[in-house]
Amino acid sequence: MIIIMENNATDDQIQQIYERLIDQGFDIHRSTGTTHTVLGVVGKTDSVDIRDYEILEGVHEVIRISEPYKLASRTFHPEDTIVKVGNAEIGSNKIVLMAGPCAIESREQIRKIAKMLNGTGTTILRGGAYKPRTSPYSFQGLGEEGLKYMREAADENGLAVVSEVMDRMDIIPALKYVDIIQVGARNMQNFTLLKELGKVDKPILLKRGMSATLKELLMAAEYIMSGGNHNIILCERGIRTFETYTRNTFDISAFPVLKELTHLPIIADPSHGIGIRNKVAPLARAAVAAGADGLIIEVHYDPDQAASDGAQTLYLDQYEKLVKEIDIIATAVNRTI
Ligand code: PEP
Ligand code: MN
């Protein structure tokens, strides 16, 4: 951390800050330039709220040099993390395809969808059993029963399973059936849930909160990692902006930026990212071109009758066409599917 003093800062002001930092156990390197005095602060500055120093008399600016997300950062872990799930290696050269309905609706529905995805290149079946719905009157998901159906459907077709948990209480039952636990956008900063998932021996798919910055997303990952679970897949799923035409605004910048900041894999959810069926594919293509390690896409045999998110859910033929396009784009960016 660096503290740059005002050019007219008094010796007294500098001394006060100096002493305060020493009291907190930091080492200080002081350099006095022709205009500004600069204090280089060495030590565990992660937990310092830099505003506590910014408001002090005589301080011009406080700059944090090292990121507060030590475990998620590339600085101390330069090589890419590859999360292995079933036949998939997320974060490898291969673009991983996850697909399925928004929600598990019945045993027949999820078995039918898993079967139709078999042979499309999809390796992970998605589907919610605990649904975070805006309205309490909307379909809330089948709970553990749904997870059972999904496990069966996935096993019949050689797929792995990703599903969301909304509450700490759901973790133990979910672990019996899922290969990846999803943290939804609405729970990205549910710190008690994140802490609990740090103790879990299964990968976590961590979705970006709809008003979260990339730094906040990485801090959420850090919560899980600091508990001991380093198998995290980040997911860009669109954020809230002033635009109302689309359900969310898909942040394509997230891919190149996160690739630089973190070693964790990052996948794209263009379905929630735009919320409009015929616009999911262009977004998916753009995400892969921008560096996404995989896609999670809502697919159903009858999207118009889906219990949730039908408007953004692809028909199988749309999905198959998209996979072919992704194959071409993957080659263009030196990757495969
Ligand atoms: C979902 O994947 O169905 C979902 C609810 O996603 P999000 O948390 O991104 O809204
Ligand atoms: Mn959905």
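Phe255 is buried, its relative accessible area being 0% (buried means under 20% relative accessible area, exposed over 50%, and partly exposed in between, with a 1.4 Å probe and protein chains only). Phe250, at 12% relative accessibility, is buried too. The structure is a predicted model, in which local features need pLDDT of at least 70 and side-chain atom pairs count only at pLDDT 80 or more, while totals for chains, interfaces and linings use all residues. Residues are numbered from 1 along each chain as its sequence is written, chains are lettered from A and ligands numbered from 1 in the order in which they are written, and side-chain values use heavy atoms, with hydrogens and water left out.

A search of the whole structure returns 2 aromatic pairs (rings of Phe, Tyr and Trp, the last by its six-membered ring, pair if their centres lie within 6.5 Å; planes under 30 degrees apart count as stacked, over 60 as edge-to-face and the rest as tilted). Phe191 and Tyr223 are stacked, at 4.5 Å centre to centre and 25 degrees between the planes. This pair links distant parts of the chain, with Phe191 in helix H6 (residues 191-197) and Tyr223 in helix H7 (residues 214-226), 32 residues apart (helices, H or I of at least four residues, and strands, E of at least two, are DSSP runs numbered from the N terminus). Phe191 is partly exposed at 34% relative accessibility, and Tyr223 is partly exposed at 29%. The rings of Phe250 and Phe255 are tilted, because their planes stand at 40 degrees, with the centres 5.9 Å apart.

Now to the metal site. Cys102 (SG), His272 (NE2), Glu298 (OE) and Asp309 (OD) coordinate the manganese ion (ligand 2) at 2.0 to 2.4 Å (donors are N, O and S atoms within 2.8 Å of the metal, or 3.2 Å for Na, K and Ca; water is not among the atoms, so sites may look incomplete). Along the chain, the donors follow the spacing C-x169-H-x25-E-x10-D. Glu298 lies in strand S14 (residues 294-298) and Asp309 in the loop between S14 and helix H11 (316-332), 11 residues apart. Both Glu298 and Asp309 are buried.

Cysteines come next. The whole structure holds 0 disulfides (pairs of cysteine sulfur atoms within 2.5 Å). Cys102 is buried at 4% relative accessibility. For Cys235, the nearest cysteine sulfur is that of Cys102, 13 Å away, and Cys235 is buried at 0%.
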